[in-house]
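How do two protein chains meet, and what holds the reader's attention where they do?

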Amino acid sequence: MATYQEFIQQNEDRDGVRFSWNLWPSSRLEATRLVVPVSCLFTPLKERPDLPPVQYEPVLCSRANCKAVLNPLCQVDFRAKIWACNFCFQRNPFPPSYAGISEVNQPAELMPQFSTIEYIVQRGPTPPLIFLYVVDTCLEEEDLQALKESLQMSLSLLPPNALVGLITFGRMVQVHELSCEGIAKSYVFRGTKDLSSKQIQVGGDKGRPPQPENAGVFVFITRFLQPVHRVDMNLTDLLGELQRDPWPVPQGKRPLRSTGVALSVAVGLLEGTFPNTGARVMLFIGGPPTQGPGMVVGDELKTPIRSWHDIQKDNARHLKKATKYYEAMANRSAVNGHCIDIYACALDQTGLLEMKCLSNLTGGHIVMGDSFNTSLFKQTFQRVFSKDYNGDFRMAFGGVLEVKTSREVKVCGTIGPCVSLNAKGSCVSENEMGIGGTSQWKVCGINPSTTLALYFEVVNQHNAPVPQGGRGVIQFVTQYQHSNTQRRIRVTTIARNWADAQSQIQHIESSFDQEASAVLMARLGVFRAESEEGPDVLRWLDRQLIRLFMFHLRRSPFLQVFNNSPDESSYYRHHFVRQDLTQSLIMIQPILYSYSFHGPPEPVLLDSSSILPDRILLMDTFFQLVIYHGETIAQWRKAGYQEMAEYENFKQLLLAPLDDAQEILQTRFPMPRYIDTEHGGSQARFLLSKVNPSQTHNNLYAWGQVLRGAPILTDDVSLQVFMDHLKKLAVSSSA
Amino acid sequence: MNVNQHTPMASPYGQPQPGYGQPGYAPLDGGYPAPYAPYNGPSSAYQPGAPPQGPARGPPTSGAPPISAPQPYNQYSQGDMQNGPPPMTQAPPRPAASQLYNQGAVNLSGPQPSYPQNYGPQPSMQQVTSQMTGMQITSGAPTPTGPGYAPPRSSQHPASTAYSAAPPPSYTQAPPPASSAPTQPPPPSGPAASQQYYGGPPPPSQQPFNSSLPPTSQRQFPSPGLPPSSSQQTFPPSSYSGPPPFSSAPPPPPPSQPHPYQSGPPPIRTQMPPTSMAQSNHLPPGPQGPQCPPGPMQQPPSQPGMQGGYPPQQNGAFGQGRGPQPGYAGPYPGQPNYGAPAPAPAPGPPAQKRLDPDAIPSPIQVIEDDRAKCTEPFNTGVRGQVPPLVTTNFQAKDQGNASPRFVRCTAYNVPCTADMAKQSQVPLAAVIKPLATLPPDETPPYLVDHGEAGPVRCNRCKAYMCPYMQFIEGGRRFQCGFCSCVTEVPPHYFQHLDHTGKRVDCYDRPELSLGSYEFVATVDYCKNNKIPQPPAFIFLIDVSYNAVKSGMVNIVCQELKTLLDYLPRENPEMDSVVRVGFVTYNKVLHFYNVKASLAQPQMLVVSDVSDMFVPLLDGFLVNVNESRLVIESLLDQIPEMFADTRETETVFGPVIQAGLEALKAADCSGKLFVFHTSLPIAEAPGKLKNREDKKLVGTDKEKSLFQPQVGFYNTLAKECVAQGCCVDLFLFPNQYVDVATLGVVPVSTGGSIYKYTYFQAQSDTERFLNDLRRDIQKLVGFDAVMRVRTSTGIRATDFFGSFFMSNTTDVELAGLDCDKAITVEFKHDDKLSEETGALMQCAVLYTSCSGQRRLRVHNMAVNCCSQLADLYRNCETDTIINFFSKYAFRGLLNNPTKAVRDTLINQCAQILACYRKNCASPSSAGQLILPECMKLLPVYLNCVLKSDVLMPGADVSLDDRAYLRQLISGMDVTESHIFFYPRLLPLTKLESGSLPMAVRDSEERLSKGGVYLLETGLHLFLWVGASVQQELLLNIFGTQSFSQIDPSLTSLPVLDNPFSQRLRDIIESFRAQRSRYMKLMVVKQEDKAELIFRHFLVEDKSVSGGASYVDFLCHMHKEIRQLLS
């Protein structure tokens, strides 16, 4: 048998699953003692080029409250044409179409290598994808221009039959009608007034008779959403003519930005026309909402936008109201299966803290940048429309993830970009972790890297042991709308062996997946951080299992809000709870590569001692990509040695990290902030804030060490101190 | 001519003084010799009023009156009063009229009710007359009048008879006074003359009048009922007079009176004429004489003495009032005329039975007389001078007081004390039209710039520098003529005084020598102390189904394309600075971005109408020239875009809000042009329901129909005014749209309402477009505030018109155009002095259409009098009617219609009664004596009472009434005059250069063989008689026969003959004179449409129950008599 390492790798490649434990303790008691719960990171739509979807519907267990899908782990009686459900043990006859099966003629779903299988379901007409742009016009001229260009460009990336719509907003909200010729029409809404969904009335093509109770606002939706191929010229012109919000902004004021109402209109529009159809609302904002519902800050410049300090002091007057408003909106949107992206580009905060739920609950993206006129935004936005090997968009809509478990395990909850569907059932644990109390979750926007953390509970009682050789089974059923508008169902069924913790503790230990566990615990931490006070979470985390990376996690922006604005924190957390394991690990413990004449690039410790004058460092924190030239290198570079033929090697050295960075830049979503700096550069702070402050101004000359590396000006304790303290703690706690 | 003659009157005054405020006069004469002189003419006419001298007159009257008056009058007065019963008899005939009157009658005697019945039987009597006579007789005193009248009537040919009758009596009587005044007779006598003087002519006139009037009243009533039997019918009116009492009375009187009666009737008419004659004094004698004989004879005997006295005065009053008639005699072959018209109607028969319409004061005569009299420019320099009538073409020269085109007063002699004013009940009011357009031969107000410090003003009352400021201390200070406060003259304004105390530069400075001028306002006079932005026009077009279908949308859009080149500007050389914006709407609003840089307009739809806002800033209000292409493209596309609309619901409140918000956003004032079709029932602020309920008409709840349905529009109007947002509303309703409510904002913001019911592109386009063109092009001011300052002792207390007031002194007008007039009522708060007179300064601060802030100042000084006679001699009935109508129409909001009508009648009766009591020489109560200046008051008042607003016919919609009600509120005197008493021109012969003389608004005046043009200021009718001459047909219509005339014609065919040419010219010139385009309607006699036409024959009894002139006069008389008794 392969090592666990290989096993884990294989499982991840095939099923997109990484469990914290690959052998499960056989009773609740034992499981609890393990501290790290039985849990997994699951990537529902993991790209599987080698997995062709099958063109038929899955076979379901006939028991009404089970409905598990036929899978390779089921026992099959080929003669009787009967299969036994491995969750409820119901014996089910095969449907007539399976009459021809035999041991040698098995359908794909029974083959072991198809523990993950995808079905294409043909049900009725497939509605086109919908993209609704919601654009802030309170931007600087440059920014607006850049944004307009990006949007125009994006039209060419959309599938021709996709429906597009455009809403612009500033002081007012304008819904543009795209179908008309001649006069460009738009419907305008006041930015200060919350419109109930009823007020955005829907009229179909035939013009449904207006309903009197909705007399407030009349909108004929179909005019607003048009196939790209029909209106791209029109829309391109429209975008081209888009002007900055014309209302004057007096000195000392912020522009009035009606983000809340704009979103409300967008959500209402889609809700009225295309409920339960894949749709993407793309919100582009250049500043915080300053009026109307969902306002985050007033228009007085003298009142700064809330900081963590304000929030802790309970000084953020709009926070709760706005958050509540956007949550309600996010839920509405989620119910209809529409996802919301936020592209926020501004130097100051834009209210992501309040708005994050829009994306977090609907599976939309959040992209944060300094300006729309940066490659960060431009390329990231372009990447939203990237395609896979089949030429399909890497996006799917309206995903519903259902988890079925064998009797010994129950699901406690999920952490990821989803909402609960409140499906109670026998496999739902009372013990909630993350979004719990259900066995189904809705992920409105989902892509191949969307990864959910699922937490389970072993419910088997200690005195009723699992039979030897028994296996726990978990089935993930993901229904979604593929970007080519097909409805598909992906089923992943996995099984793990039970192990008696007392007798087989070493086996269990060896089955521990350190990386997965780290991420899973980190997610729990982040999830708690979102809802609880920071220090409590840290304490909780400290009490839990601690490993090396926890040091970095503690210092990471996911838990530490110091030096981060509320928006940034929200942004980092948003990505942390959805990226796959590798990316998550990078987020927790940034990677540091060192380039030198001494050899090939090597990963080095994320430690201040790694910062040396004759090295080039490449740090990847997921959000940032920092290239740091050591003092000497920087001087050389300044001196222009790389230009000289005889220093070709130096040139090579300089280029090496750039190439590597380019590679990362090209695949990462969202595109990281790319920073090229050097010793003493102001941007070097990005690096310095991450490394372990083994040398600080406090201990610079302590221990008689020779100065090596760069001292970090911080009061944070170094890893060394942390570990020492930890050891002490560990001993005392065990005592 | 007349004038001269009148002048003599002046002298008569002197005489009157004895009885009257002769003293007052005397001084006056001395004071204003010059001015007066000319006037005197007229005044002389008035003098009749002067008659107060009663005594003197007494004699004459007695003599004369008996004859003429006795019968008619007696009958009347007596009849009513005493005979009560007899009147009853009459009552039956005229049910309708009687009812109206009844009230009045009621006063007379509760019994009335019973009367009718009683009458019924009694009627048989020669009733009216007899009763009348009887009455008179009984009354004794009245008799004289009666007699006087009577005779005239007998004559039947009113004028002539009257005269004849009258003259003699008067003469006889006159003699005595005459003796004193004899010399005067001709010229001087005039004044005192009325009586004395009259001795000759006047007296008679008076007498006749008195007599005639009374009778008329009676008869009038009856007449409505039954023309022929009129006499009897007339009685019915008497019915008012308590029937019961009468009943008893009647019997007795009739018997005795019968004869007189019969005779009476005729005399009455005669009397009437006489009156007129009387005025003319000059002529009357002759003609009248003859006629009179019959009547006078009879009556005279009855109450010679008494009546004699009265009659003269009355006559004088009347006579003069009728002056016209006399005038006729003089200038025009008055008599002939008379003879002609009168006879035509129904000379012979009616004569006896009913009051001869020709015998009662004729508006046409008055108008013609005034025209004839006005040969020179009217100089405003003389205080207290009554200007020519609005119907007269004259040139006004500003010599220190505002031209009558800007300001007209009800009285040019204001009573010195509140008591006097109260006693007379004559309203003291001025109708001010601050931005009136002047004829080309008059200079528009000069623009004065006092520099950075702004206009020089009185420190205390803030009155602006004007000719009434008295410079003292060598010119270093000036004393305010209004509050007497002394103010330093600012150094830059200092100027030396000449030996008379006048500033040397007096005539170089308009503000020191003229009545009207403008100041350039400084930034202190601007809102928020900011120079205003140029104003904007916003067009808001209803594009609902009805609007599109009727063609309105298309027409408006097409027209706007060219009209936008004619936006108002002050300098014709320059482009207008007015910016424009466009909105269309049904139940949502569509705003348009027409920025010059756009290739295509952009439409922004606001569907959330509950909380209106403007969705765009830049590109909504644009300069026409810069955005021309985009605008044209838009106007081309609007009709297309909505061609297939099915939306029938509309909003209205949000539409105005939208315009208001747009102006607010642009920080400017401006005007909204709203083109609207239907009741706004869509869910939105200001939503209305259909509340048309004809059952409420005539009940106490009727007033609610004139009140706005919701308070929303009042609030909105207030906001509009604050922003200087004027709203003009063009309505194209197919059904009830609740004008009362929709009109709130236009009316409060100084806007106008235009209503095109059942608009059809084919027939109404011309009218609509002409209205629109004019409305857009006319000079208009924005964001105006008007303040009327007065000298101590009098105060502006009430204002009528299209505006808003947030306090009691400032009239706020979001917009003020050249057609809007504001009526201001004044009340005493202290005594006035005859020396200083009463001063008034009306200052209007406004933003001109070029965005300049200006102050227009109109100054007006009037005399103060301590004699009532002066008041009555110097007032203007047209202005009084303007005031009354506005007062009454506003009263409708809070009072039952009936109460409003009663109040009007009452006040009018009190005015006349006061005159009778205090200014006319004593005469029989049966005599109706009207002041010369007010002799048309009854007929005009009757027109007000009969208007659709106060007395709706069954086919008059509530919207029409509300519309008219609001329309009147902004009318000036010219408009209100023609509105209430339409102009009716016979078209038989047309001469170039002059119009044919109008005829009175009565069916009797229409000849079957003729064609008539009737103009009301809102409508234009061409009435074609059934047996019209073929030549006329050919000339006008180019057809051979009556039946070939197309009644749906809205314009006359262009035919190449002088007649057609001239007629069309006339029509065009009429249209050009009015602020609203008058659609021409061709009415064929006996066609259905004639009903509408007849509605405007205001001297006739109306279908809706309005009394005929004759009846009303009788009623009035009765009211007066009641007050006197």
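Two strands are said to pair if DSSP finds at least two bridges between them. The model shown here is a predicted one, and such a pairing joins its two chains: β11(A) runs alongside strand β14 of chain B, residues 602-606, in the parallel sense, and five bridges link the two. Within this pairing, V188(A) stands opposite V606(B), a residue of β14(B).

Chain A contributes 22 residues to it and chain B contributes 26 residues. Between them, the two chains bury about 2,100 Å², and 60% of this area lies on carbon and sulfur atoms. On the side of chain A, the residues that lose the most area to chain B are I183(A), V188(A) and R190(A), which together account for 30% of what that side buries.

Ten residue pairs are in polar contact between chain A and chain B, counting pairs with both residues at pLDDT 80 or more. On the side of chain A that touches chain B, the elements giving two or more residues are β10 (172-176) and β11 (184-190). The largest share, seven residues, comes from β11(A). By type, the residues of this side comprise 14 nonpolar, four polar and four charged.

Two salt bridges are found across the interface. In one salt bridge, R190(A) is joined to D611(B), with the closest N and O atoms 2.8 Å apart.

Methods:
Residues numbered from 1 in each chain as written. Chains lettered and ligands numbered in written order. Predicted model: local features only at pLDDT ≥ 70, side-chain atom pairs only at ≥ 80, totals over all residues. Heavy atoms only, no water. Contact = heavy atoms within 4.5 Å. Buried area = accessible area lost by both parts, 1.4 Å probe. Salt bridge = Lys/Arg side-chain N within 4 Å of Asp/Glu carboxyl O. Polar contact = N/O pair within 3.5 Å; in protein donor to acceptor, adjacent residues only side chain to side chain. Helix = DSSP H or I, 4+ residues; strand = E, 2+ residues; numbered from the N terminus. Nonpolar A, V, L, I, M, F, W, Y, C, P; charged D, E, K, R; others polar.
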